[in-house]
Amino acid sequence: MEESGYRVVFEKGGVYLHTSAKKHQDSGSLIAGVIRVVEKDNDVLLHWAPVEEAGDSTQILFSKKDSSGAESGTSEEEPTFDPGYEPDWAVISTVRPRPLHSEPKKGAEPNSPRGPWAFSVSLGELKSIRRSKPGLSWAYLVLVTQAGGSLPALHFHHGGTRALLRVLSRYLLLASSPQDSRLYLVFPHDSSALSNSFHHLQLFDQDSSNVVSRFLQDPYSTTFSSFSRVTNFFRGALQPHPEGASSPDLPPPDDEAEPGFEVISCVELGPRPTVERASPVTEEEWARHMSPDGRLQHVPELKNRIFSGGLSPSLRREAWKFLLGYFSWEDSAEEHKAHVRRKTDEYFRMKLQWKSVSPEQERRNSLLHGYRSLIERDVSRTDRTNKFYEGPENPGLGLLNDILLTYCMYHFDLGYVQGMSDLLSPILYVLQNEVDAFWCFCGFMELVQGNFEESQETMKRQLGQLLLLLRVLDQPLCDFLDSQDSGSLCFCFRWLLIWFKREFPFPDILRLWEVLWTGLPGPNLHLLVACAILDMERDTLMLSGFGSNEILKHINELTMKLSVEDVLKRAEALYRQLTACPELPHNVQEVLGLVPPSEPHSPSPPASLLPLSPGRAPQAPPAPAEAAPQPDSSLEILPEEEDSTNA
């Protein structure tokens with residue numbers, strides 16, 4: 001079709017905008033329209049308009065925001081249209097109607113609410129195109145502009161995404177990312193700008209050599225930095241293609257339906273149940289489970305009570321030794337005493353190994369010197385607002401330092417990595433004894449040591465499992481995060497690395513950890529805790545027009561503002577909702593522990609698979625007659641009394 005000054009080279013009907021953040025769209029939230037590629041005045045435009053306006057493709061333009069946030073040429077009488085919802089599919093703040101100076105068409109509604117949704121954008125303004133993941137009832141495309149905004153997602157209810165991408169490849173170079181097969185970076189056929197971008201970024205040459213060392217020193221900032229750079233730039237050999245030729249990165253021609261894009265239905269979950277938390281386990285209730293010889297009875301019932309209500313603060317000092325595998329649930333009181341004697345001797349023999357190193361020896365031992373420096377730095381800023389650790393000469397800081405250095409002797413291969421002090425601090429606070437805290441910390445590290453390994457395979461696996469759960473629970477939220485370059489969930493990295501230690505107030509983290517240590521109702525409850533937090537923040541994220549930077553900022557600002565009881569209730573409700581689904585995918589069942597994994601994970605101990613009773617650390621031989629003297633730091637120390645009602 002050719003009219004005065006422009007030629008339509010592609011046209012496809014049945015392309016909808018979804019204007020609601022609801023998981024299930026109703027007819028009132030769907031706007032049917034036509035997508036066109038138009039050649040006009042030495043430019044090529046991508047134009048979408050509702051069906052009632054599809055005949056007029058010249059009256060809508062795309063306008064970028066200026067640095068001040070105001071639209072150039074937008075008058076006070078004509079504000080930017082922003083519906084305030086579904087920003088992943090409709091960031092309308094960057095789209096506005098062009099002022100019309102002619103009379104409206106006959107039959108057109110001058111104040112039609114759907115008119116402002118139309119848009120037209122020059123192909124030169126596009127930065128990237130993201131395709132939907134398999135598992136949807138239809139495919140959609142999200143167009144991201146050079147200015148950083150997203151156009152409304154185009155939902156192709158009757159197919160056509162591949163045809164549109166092939167037409168766009170005539171005018172643009174669409175480079176499929178090796179990191180994300182659904183993301184196409186958009187470049188002009190002259191790829192010199194792309195080559196210069198990679199050269200100046202230096203993402204894959206000199207900077208990559210010390211990623212591992214930077215991760216060991218500071219896993220938070222290193223990972224966030226790496227993820228943000230990989231999100232925006234991808235390596236690939238990009239060559240222009242002849243006119244009319246199909247790009248190898250694009251899908252094959254439309255000689256058949258689009259399998260995996262438009263015919264696979266989402267999992268339908270049932271209603272989410274209501275969950276109530278119970279009261280904490282008291283010392284009296286714990287005593288009722290104790291036999292005359294000090295052996296615990298009805299352990300599964302007791303674990304269920306800890307899961308549903310947690311522990312009274314006064315009981316934690318004893319119960320945590322069982323939850324963390326330092327004490328066996330089956331042993332008697334006398335057997336526990338003998339076990340403590342053996343483990344005390346073993347601890348001080350390891351501690352003596354680094355204590356006996358002279359300063360001159362340490363100068364020739366760069367590994368030990370590095371561990372000591374890093375530990376001293378981290379300990380000096382760990383929970384310093386807590387009364388147990390406040391003050392410059394606080395003995396609690398010395399115990400943190402000694403336990404972490406001794407752990408380097410206990411686990412030579414892993415040593416110390418930043419973040420471990422965050423895991424030890426609550427344990428020492430509760431147990432108030434150096435030896436007991438060390439062995440309980442070792443039990444905790446058996447669960448999470450994969451988080452700190454150099455390969456990061458455990459962290460990658462957990463982020464993948466978290467994304468899998470979230471996609472089943474809330475596909476629209478995942479689509480929104482994808483559209484804002486946050487689909488990798490890198491903002492959850494710190495949550496999983498140190499088990500939400502910096503997200504909750506100190507008393508709340510004690511409650512959260514003791515619930516997670518039960519291993520109930522199944523493995524990977526910590527992933528459902530992350531899903532619960534995202535579910536609680538869903539509307540804020542999706543309805544506020546956040547980009548990737550704003551999403552990360554908002555997640556970081558949740559620190560110390562979350563209620564642990566609310567999060568635990570929602571996490572358990574999500575678990576029940578998932579397990580009640582008769583058509584739950586097999587890989588989701590594996591994550592929830594409903595079926596055994598189909599293949600083994602990485603050889604490192606998985607941080608995401610929590611045993612119901614963590615294994616006790618290997619026992620040392622009986623203590624020799626002349627045991628090493630125990631220094632004063634083994635004595636118990638008591639903090640000032642704190643209000644334990646919220647613990």
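Is Tyr 410 buried, partly exposed or exposed, and what is its relative accessible area?

1. Tyr 410 is partly exposed, with a relative accessible area of 22%, where buried means under 20%, exposed over 50% and partly exposed in between (1.4 Å probe, protein chains only). This is a predicted model, in which local features need pLDDT of at least 70 and side-chain atom pairs count only at pLDDT 80 or more, while totals for chains, interfaces and linings use all residues. Residues are numbered from 1 along each chain as its sequence is written, and side-chain values use heavy atoms, with hydrogens and water left out.

2. Across the whole structure, a search finds 22 aromatic pairs, a pair being rings of Phe, Tyr or Trp (its six-membered ring) with centres within 6.5 Å, stacked if the planes are under 30 degrees apart, edge-to-face if over 60 and tilted for the rest. The ring centres of Tyr 326 and Phe 327 are 5.1 Å apart and their planes meet at 25°, so this pair is stacked. Tyr 326 is buried at a relative accessible area of 3%, and Phe 327 is buried at 10%.

3. Tyr 410 and Phe 438 form an edge-to-face pair, 5.8 Å from centre to centre with 85° between the planes. Because Tyr 410 lies in helix α11 (residues 395-410) and Phe 438 in helix α13 (residues 434-448), the pair ties together parts that are 28 residues apart in sequence; helices here are DSSP runs of H or I with at least four residues, numbered from the N terminus. Phe 438 is buried, with a relative accessible area of 0%.

4. One aromatic cluster includes Tyr 410, Phe 438 and Trp 439 among its members.

Note on methods: Helix = DSSP H or I, 4+ residues; strand = E, 2+ residues; numbered from the N terminus.
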